Amino acid sequence: MFANPRFQYWCAKLPLVNRIARARASEAFDLVAGFTYSQILRSYVETGLFDLLESGPIGHKHVASELNLSEEAALTLLRAGRALKLSEEPMGDGWMLGEAGAVLAADKGAQAMIRHHRILYRDLADPVELLRRDRQEPTDLSRFWSYAGALHGAAERGTATGEYSELMATSQHFVADQVLGAYRFPSNARLLDVGGGHGAFLSHMGAADEDLHLGLFDLPEVAEAGAAKLAARFGKSRVSAHPGNFFSDPIPQGYNVISLVRILHDHDDGPALQLLTNIRASLAPGAQLLIAEPMARVEGAEGMGEAFFGMYLWAMGSGRARSPKEIAQMAEEAGFLRTKTIPTAQPVNASILIAYA
């Protein structure tokens, strides 16, 4: 019915209904033009245009000079960003940050992710070819994630984890903010972050709760560096480092909350179940596993779950976005007694599921 041209014409003419029709038409066009929008945003980030506009209003000639563009090209970019609310022109040839631009200019984590997506776009240049390839065949994205890929065979083990850790650290607040806004730690909590990298998530949690003991479990070269950073900020007495592989090594005991932050969806079902089972074996009765990551089929974040992360994780060579129901079933299979989902203010950044031992 929606595809019928006569029905579309009828909707366009009727009052009230025509507003819905226009909205649907706009949504359809956004699907067609989405890559162009993303590349406009990328241009604002990679050229430093956000920084320039932050000091605005400025003229397009100044922008052209700073970005090494022709005046016509600079004006084209500014106008393109205006349509996306990245820039605005409150006075004649006086350009400054738009509403969306102001938000993104202040968010270094979002900018880091935007820069990172250039790798994904290379893999998605031919999406059908990507889907036809064996997932174990290396991609640009799996090479970047060599740190994670080594754990499931999608890439060779990389020795340098600095770029990975920097990206995770600058974007970690997306999830940390949702956890702090929706979850309350039990009294006398001892938190172990499994796969915690250089401790960015623990740093957020430690700053919010001064009584929280912080444990970091990750590969040796990562855990030691992360724990050192945390100890420098919070003191050695509040921090414990636990080097190891979370698939093959026992998970440290003595913690009543274990967190998996953007970890589970990186792994296929078999390894993910193995990880949950390994964690369950370390927990005393009543302890909690906190799983925080973007999830599939969550109202208000459908596109982020199965569309963005569906293709992203396919290109990465491992993992998939799972619904809270799927994660709950997997946790129960791993031996957890029950689970509970906790609504977050922005599920596009993360949803939360608690599994109880």
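**Figure 1. Asn-188 sits in the loop between α12 (173–182) and β3.** This is a close-up from a predicted model, as are the other views here. Asn-188 isn't a glycine, yet its phi is positive, at about 55°. Is Asn-188 buried or exposed? Its relative accessibility is 72%, so Asn-188 counts as exposed.

**Figure 2. Asp-93 is another residue with a positive phi that is not a glycine.** Here the angle is about 50°. You'll find Asp-93 in the loop between β1 (87–91) and β2 (94–97). Its relative accessible area is 32%, which makes Asp-93 partly exposed.

**Figure 3. Seven strands line up in an open sheet.** Read across the sheet and the order goes β5-β4-β3-β6-β7-β9-β8, with mixed pairing. Which strands stand at the edges? They're β5 (239–243) and β8 (338–342): each has a single partner strand, so one side of each is left without a neighbour in the sheet. Strands of a sheet pair through backbone hydrogen bonds, either parallel or antiparallel.

**Figure 4. Zoom in on the pairing of β6 (residues 257–261) with β7 (residues 288–293).** These two strands pair in the parallel sense, over five bridges. Look for Leu-260, which stands opposite Ile-291 in β7. Helix α15 (residues 269–282) packs on the sheet here, touching β3, β6 and β7. The direction of α15 makes about 165° with that of β6.

**Figure 5. Helix α13 (residues 200–208) also lies across strands of the sheet.** The strands in question are β3 (190–194), β4 (213–218) and β6. Compared with β3, helix α13 runs at about 160°.

**Figure 6. Here's the largest nonpolar core, with 41 residues.** Which residues have the most contacts inside this core? They are Tyr-44, Leu-49, Phe-50, Leu-53, Leu-141 and Trp-145. Helix α7 (residues 108–123) gives the largest share, six residues. Pick out Leu-141 and leave aside its neighbours within four places in sequence: Leu-141 is in contact with His-116, Ile-119, Leu-120, Asp-123, Tyr-312, Ala-315 and Met-316. There's a second, separate core of 30 residues, and among its members are Leu-192, Phe-247, Ile-258 and Leu-283. In soluble globular proteins, nonpolar side chains tend to be buried together.

**Figure 7. Helix α7 crosses helix α16 (residues 302–316).** Their axes come within 10 Å, and the crossing angle is roughly 75°. The two helices are therefore roughly perpendicular to each other. On the α7 side, the contact is made by His-116, His-117, Leu-120 and Asp-123, while α16 brings in Phe-308, Tyr-312 and Ala-315. Sort the residues of this contact by class and you get four nonpolar, two polar and one charged.

**Figure 8. Thr-139 is found in the loop between α8 (127–132) and α9 (140–144).** Is Thr-139 buried or exposed? With a relative accessibility of 5%, Thr-139 counts as buried. Setting aside neighbours within four places in sequence, Thr-139 is in contact with Asp-123, Leu-130, Arg-133 and Ala-315.

**Figure 9. Helices α4 (60–67) and α5 (residues 71–83) cross at roughly 105°.** Their axes come within 8 Å, and the pair is therefore roughly perpendicular. From α4, the residues to look for are His-60, Lys-61, Val-63, Ala-64 and Leu-67; they meet Glu-71, Ala-74, Leu-75, Leu-77 and Leu-78 in α5. By class, this contact has seven nonpolar, one polar and two charged residues.

**Figure 10. The peptide bond from Gly-56 to Pro-57 is cis.** Its omega is near 10°. Pro-57 belongs to the loop between α3 (49–54) and α4. Met-96, in strand β2, touches Gly-56 and Pro-57, and its other contacts, not counting residues up to four places away in sequence, are Leu-53, Leu-86, Ser-87, Glu-88 and Pro-90. At 27% relative accessibility, Met-96 counts as partly exposed.

Notes: Residues numbered from 1 in each chain as written. Predicted model: local features only at pLDDT ≥ 70, side-chain atom pairs only at ≥ 80, totals over all residues. Heavy atoms only, no water. Pairing = 2+ DSSP bridges. Helix = DSSP H or I, 4+ residues; strand = E, 2+ residues; numbered from the N terminus. Contact = heavy atoms within 4.5 Å. Axes fitted to C-alpha atoms, helices over the stretch in contact; angles between N-to-C directions. Core = buried A, V, L, I, M, F, W, Y, C linked by side-chain atoms within 4.5 Å. Buried < 20%, exposed > 50% of the residue type's maximum accessible area, 1.4 Å probe, protein only. Parallel < 35°, antiparallel > 145°, perpendicular 65-115°, else oblique. Nonpolar A, V, L, I, M, F, W, Y, C, P; charged D, E, K, R; others polar.
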